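I opened this notebook to keep a record of what I looked up in one protein model, entry by entry. The entries go from the whole chain to single residues.

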Amino acid sequence: MLKKVLLGAFVLILLLSIGLSLWVRAVFTDDNVRVALAEQLSTALGQPVRIGSVASAIYPRVTVNLGQVSIGEPARIHVRTLHVGADLRALLSRRIEHARLELSGARVELPLPDFSVATGSNSGSSRNAPVEIVSIDAIVLRGVAIVSGGRTLTGDVEVVPEGKGLTLRHVRLVADKATIDVTGRVTDLSGPVGDVAIKAGALNFNQLLAFASDFATGSGMATSTAARSAPARATNPHAGPRGVPPMNIAVSLEANRATMGTLTLETLAGKARITADTMTLEPISFGVFGGRYGGSLVFTLGAVPAFKLNATLAGVDMAAATAFAGSPGTITGRLSGKLNLTGRGMDAASVTNTTRGTARIDVVDGIVKNLGLIRSAVVATSGRADAAGGRGTRDAPFTTLGATLNVAGGSARTEDLRLQSKDVLLAAAGTIRLDGSVIDLTGQVQLSDELSKQAGRDLVRYTQEGGRVTLPVTITGSADAPHVRIDVASTAKRALVNRANEEAQKALKKGLRGLFKK
């Protein structure tokens, strides 16, 4: 008896399933349904929607499968299959409610077309259609490819529509073998406006800027009412339609590693705000050349971004920094400083040629390679090439090296360069090309007490300032091959002046003594 009951139940379920399958196919695979769904989606998005085919399935959920879907004119979004899973009870009334949209084989090309999200009740034509889309609970993209300027990000996206916006429940994208996770909420798609968090093992700023620029170009999904009003874009290409909030996305950033052009950054963390014009990172901190950058960075969005930075640097390895700049083996030490600079571009050459602003830098415990400063000073004070002795090396160790720089046109000018070591004190002014190709400095080098004593009493008497031998010096050449020249003529001139002053003082004292004796 039990077997008969079970068999009967099985047959009944089978018949119901077959009947439901036949009904679903009869109702939802009709060509009129395909056309009606395309029209409703077009109205909802404000862009043409084309559906190539329609099919159905009942397991594990009643689903309408739309094939070869394209959105936009020209099409910027392509979907191989759009699965529309809906509530069975509503489907009996030919209504798609609480739908779950799953997109397989989707390709999204940025910039997006200008969407205009329809608001208000459905039109009469929608209510009279063979099937009506009423509500959507979730949108899932499996294996989506997002293309921006020749760069492709692939991954999975799951969002939940909420009022005028949506929640990013799960977004995981992969680019250049780096995984990027995104969560957050977009409160208003018409801007868009929202807050998101980005966590990545590695982050490429070039791609992030290009992605933000392409997204901003076609940003926002205006409501249909706003879209029909006079557009503000006539006067501002980045403005949305009247009544639509401007693009404003707040982003928290975390990345173990990041790249900016060919520059590698470590342990990046900070806050960003993306608008239609700019991406502002403030505060932002990251490791660079073994040191730390902390402050702000602002990039304009465009093919060649402009930048503005205001920050402090601490503990930067000068050997690594100069090697990156194309002048390896020129200087060592640890740099700290303050930067306030603007420029344009992301490659080293563009940044070097366009950067303007001011900087204060201080380097400690380093060596200027191949400078030959001490050797030149010792030889000049002795007049013999063999007098340098143990100080014959051309490297110039220092305890501190600092300067205030005015940067423009690929060069940095300073009026207060100061290099101090146990042997010499150099004070100079002049210009240095940022790529190290040209050095043009003029100043004075002052010998230490020890070297001044070795120079001889007469030289100290006739060339001293503050009791130390002080010599005019020029430094020219390049960072790779600097040339130090002690101005012997000026030294001799000072010696003559000092000697004349000394003799004049002696004569004056002698004359005064003779006058008082009378």
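What follows are my notes on a predicted model, in the order in which I looked things up.

**Entry 1: the chain as a whole.** I began with the totals, and I noted that the protein chain has 518 residues, of which 42% count as buried. The secondary structure that I listed for the chain comprises twelve helices and 27 strands. I then looked at contacts with a separation of 6 or more, and I found that residues 24 or more positions apart account for 51% of them.

**Entry 2: strands β8, β9 and β10.** I followed β9, residues 151-162, to its partners, and I found that β8, residues 136-148, runs antiparallel to β9 and is joined to it by eight bridges. Within this pair I noted Ile-146, whose bridge partner in β9 is Leu-153. I also recorded that β9 is joined to β10, residues 165-175, by nine bridges, again in the antiparallel sense. Val-160 is set opposite Thr-167 of β10. Two residues lie between the strands in the hairpin of β9 and β10, and in this hairpin I found Gly-163 with a positive phi near 60 degrees.

Entry 3: I went on to β24, residues 439-447, which pairs with β23, residues 424-433, in the antiparallel sense over nine bridges. In this pair I noted that Thr-431 is opposite Asp-440 of β24. The hairpin of β23 and β24 has five residues between the strands, and there I found that Gly-436 has a positive phi near 80 degrees. I then saw that β24 also runs antiparallel to β26, residues 468-477, with six bridges joining the two, and that Thr-442 has Thr-474 in β26 as its bridge partner.

I stayed with β26 to look at Thr-470, which has its place in that strand. Is Thr-470 buried or exposed? I noted a relative accessible area of 1%, and Thr-470 is therefore buried, since the cut-off is under 20%. I also recorded a polar contact at 3.1 Å between the side chain of Thr-470 and the side chain of Gln-446.

**Entry 4: the cavity.** I asked how many cavities of 30 Å³ or more the model has, and the count came to one. I noted about 70 Å³ of space in the largest cavity, and I listed its lining as Leu-37, Leu-41, Leu-66, Leu-82, Val-84, Ile-96, Leu-101, Ile-133 and Ile-136. Two or more of the lining residues come from each of α2 (31-45) and β3 (75-85).

Entry 5: I placed Ser-376 in helix α9, residues 373-382, and I recorded a relative accessibility of 18%, so Ser-376 counts as buried. A polar atom of its side chain lies 2.8 Å from the backbone oxygen of Gly-372. Leaving aside residues up to four places away in sequence, I found that Ser-376 touches Val-484 and Ile-486.

Leu-405 I found in strand β21, residues 396-408, where its relative accessible area of 15% makes it buried. I noted that Leu-405 and Arg-360 are 45 residues apart along the chain, while their C-alpha atoms are separated by 6.1 Å. With residues up to four places away in sequence not counted, Leu-405 touches several residues, including Gly-357, Ala-359, Ile-361 and Ala-412.

**Entry 6: backbone geometry.** I kept this check for the end because most residues other than glycine have a negative phi, and most peptide bonds are trans. I found a cis peptide bond from Glu-73 to Pro-74, with omega near 0 degrees, and Pro-74 lies in the loop between β2 (63-72) and β3. Another cis peptide bond joins Glu-282 and Pro-283, with omega about -5 degrees, and Pro-283 lies in strand β16, residues 278-288.

I also noted Asp-365, which is not a glycine and has a positive phi near 50 degrees. Asp-365 has its place in strand β20, residues 356-368, and is exposed, with a relative accessible area of 61%. Asn-370 has a positive phi of about 65 degrees and lies in the loop between β20 and α9, where its relative accessibility of 29% counts as partly exposed.

Notes: Residues are numbered from 1 along each chain as its sequence is written. Side-chain values use heavy atoms; hydrogens and water are left out. Two strands pair if DSSP finds at least two bridges between them. Helices (H or I, at least four residues) and strands (E, at least two) are DSSP runs, numbered from the N terminus. On a 1 Å grid over the protein atoms alone, a cavity is a set of points where a 1.4 Å probe fits but cannot get out, and a pocket is an open set with protein on both sides within 12 Å along at least five of seven lines; lining residues have an atom within 4 Å of a point. Grid points are joined across faces, edges and corners, and a volume is the space filled by probe spheres set on the points. Buried means under 20% relative accessible area, exposed over 50%, partly exposed in between (1.4 Å probe, protein chains only). A polar contact is a pair of N or O atoms within 3.5 Å; within protein, one must be able to donate a hydrogen and the other to accept it, and residues adjacent in sequence count only if both atoms are side-chain atoms. Contact means heavy atoms within 4.5 Å.
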